Amino acid sequence: MSQKKKNPVWAFFASVKLALFLLFILAATSIIGTIIPQSKPMDFYVHEYGENMARLMQTLGIPDMYNSWWFLGLLTFFSLNLIVCSLERIPTVWKIIHKDNLDIDPAKLVRRKIKKEVTLRSKKDEVVSKVASFLKSKGWKPEQRDKGDGVLLFAEKGPWTRFGVYIVHTSILIIFIGAIIGSPTVARKIFKNPTFAFKGSIMIPETRQTDSIFAFDTGEKIPLGFTIRCNYFNIEYYPNGMPKEYLSDLTVIEDGREVLHTRIEVNSPLTYRGITFYQSSYQPYNDFVVRVKSEKTGATYASVIPPAKQIRWDEGGITFGILNTERFGEVVRRVKVWFSDNQGEPSIFWIEAGREAIIERPSGKYAFTAKQLYATGLQVAKDPGVWFVYIGCGMMLLGLMVAFFMSHRKIWAYVREEDGAIRILFVGSANKNKLGFEKKFHEMLDDFS
């Protein structure tokens, strides 16, 4: 009988060879995106690869490869391939799971590889009950049916594990959906809404605030919908001058009200309204953040001042300035302070940057600190598809575990009377790890007597 000819388009996308080919192409082209820096200005590629190559790379979308038309096209083909392959094979799996395994000719069981025969001197009904009880004690739930001169029992475990590979297929599609939803290019070109998903950065000097960031790919200014302020930035160095660790003290302001105050550091970001701020860099300046407190009145002065400039604080009745600095590269280690309350000679002293000094003057005591001004460098990302990616990754782990470490196992027991004795033919079957199942099958039946 001739088989019904499949639609050629359906047959093309149902091909496992196509899946392997697309996986190879995706892996190979992903290497390009790993080697060539992404989302750099055109001048960078001209400088690194020459004008003609840079123009070709721009045409092929290499600088933003994972959002290029051809890479997204490969992902689309691969997604179609996964969907069609799954739809092609799931009906067969469904039939296997719901197959009537008691509707089998006992003569065919004899030809199975995994089997063991036991002979007992007892009544058939008693033996059938004994076999059923034995299987139940081992965690199997047998069903039985009369088969001519005998009784056939059947039990199975893990029929649903046959869907493991399709859980993996579904997880890949969910990850793709998450990546598309979280793509800044898709948000900009398809959704026409750059604030839906974006990746960018911002430098915020201490004591300053911003309500927008700049996109990585376009340099476009993107509003946050709230304001974020850098209250304080702290950095520690190794003795050789290399940065050891740094953190930012941030405040989120919404509708003129401070709604969140927190500190972030590398690997400990801030997430607010779906937007995540990662501590990524910093920028030192020549100016200083100065704080002065009068211990007599409790009045406080805090501001950013330039070096070598006299500052007057009328409320505190003092004048001060940074006379000189001691640097290690761009880092100010110590500052030389000039401080006067117009009573007697001014106080002149060196102090470590960021450390507090108590200055005793005829008008009272003052707590004084001066630290180099820094700007905190933040990478900012809004990725509404990230939960799809997390869910997809979780499903993939589950699917891989089911697909590789679990199997659909079956056991038949055919009880019949022959030559005045009761013969029991135990037969086992597994769709994966057959050697392991055969070992467990015989170990289990060693307990049957």
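UniProt positions are given here in the numbering used for this structure, feature names are shortened, and annotations may be inferred rather than shown by experiment. With that in mind, the unreviewed UniProt entry places the feature "domain: ResB-like" at residues 16-296 and 371-441. The model is predicted, so local features need pLDDT of at least 70 and side-chain atom pairs count only at pLDDT 80 or more, while totals for chains, interfaces and linings use all residues. Residues are numbered from 1 along each chain as its sequence is written, and side-chain values use heavy atoms, with hydrogens and water left out.

Helices (H or I, at least four residues) and strands (E, at least two) are DSSP runs, numbered from the N terminus. Residues 16-296 are 39% helix and 34% strand, and their end C-alpha atoms lie 82 Å apart. For residues 371-441 the figures are 39% helix and 45% strand, with end C-alpha atoms 75 Å apart.

The unreviewed UniProt entry also lists "transmembrane region" at residues 12-36, 69-87, 163-182 and 387-406. In the model, residues 163-182 are 90% helix and 0% strand, with 29 Å between the end C-alpha atoms. Residues 387-406 are 95% helix and 0% strand, and there the end C-alpha atoms are 27 Å apart.

Next, the empty space. Rolling a probe the size of a water molecule over the atoms shows where such space is left. On a 1 Å grid over the protein atoms alone, a cavity is a set of points where a 1.4 Å probe fits but cannot get out, and a pocket is an open set with protein on both sides within 12 Å along at least five of seven lines; lining residues have an atom within 4 Å of a point. Grid points are joined across faces, edges and corners, and a volume is the space filled by probe spheres set on the points.

The largest pocket holds about 790 Å³ of space. Its lining has 32 residues, and Tyr66, Asn67, Ala179, Ile180 and Ser183 lie nearest the centre. Helix H2 (16-35), H5, helix H8 (164-181) and helix H9 (184-189) each supply at least two lining residues, with H8 giving the most, seven. By class, this lining divides into 18 nonpolar, ten polar and four charged residues. Here Ala, Val, Leu, Ile, Met, Phe, Trp, Tyr, Cys and Pro count as nonpolar, Asp, Glu, Lys and Arg as charged, and the others, Gly among them, as polar.

There is also one cavity of 30 Å³ or more. The largest cavity has about 60 Å³ of space, and its lining includes Pro184, Arg188 and Asp217.

Now for two loop residues. Serine 68 sits between helix H4 (51-60) and helix H5 (69-97). Serine 68 counts as buried because its relative accessible area is 4%; buried means under 20%, exposed over 50%, and partly exposed in between (1.4 Å probe, protein chains only). Leaving aside neighbours within four places in sequence, serine 68 is in contact (heavy atoms within 4.5 Å) with Leu60 and Gly61.

Arginine 112 lies in the loop between helix H6 (106-109) and strand E1 (115-120). At 30% relative accessible area, arginine 112 is partly exposed. Beyond neighbours within four places in sequence, its contacts are Ile104, Trp412, Val427 and Ser429.

Finally, the cysteines. The whole structure has zero disulfides, a disulfide being a pair of cysteine sulfur atoms within 2.5 Å. Cysteine 85 is buried because its relative accessibility is 7%, whereas cysteine 393, at 36%, is partly exposed.
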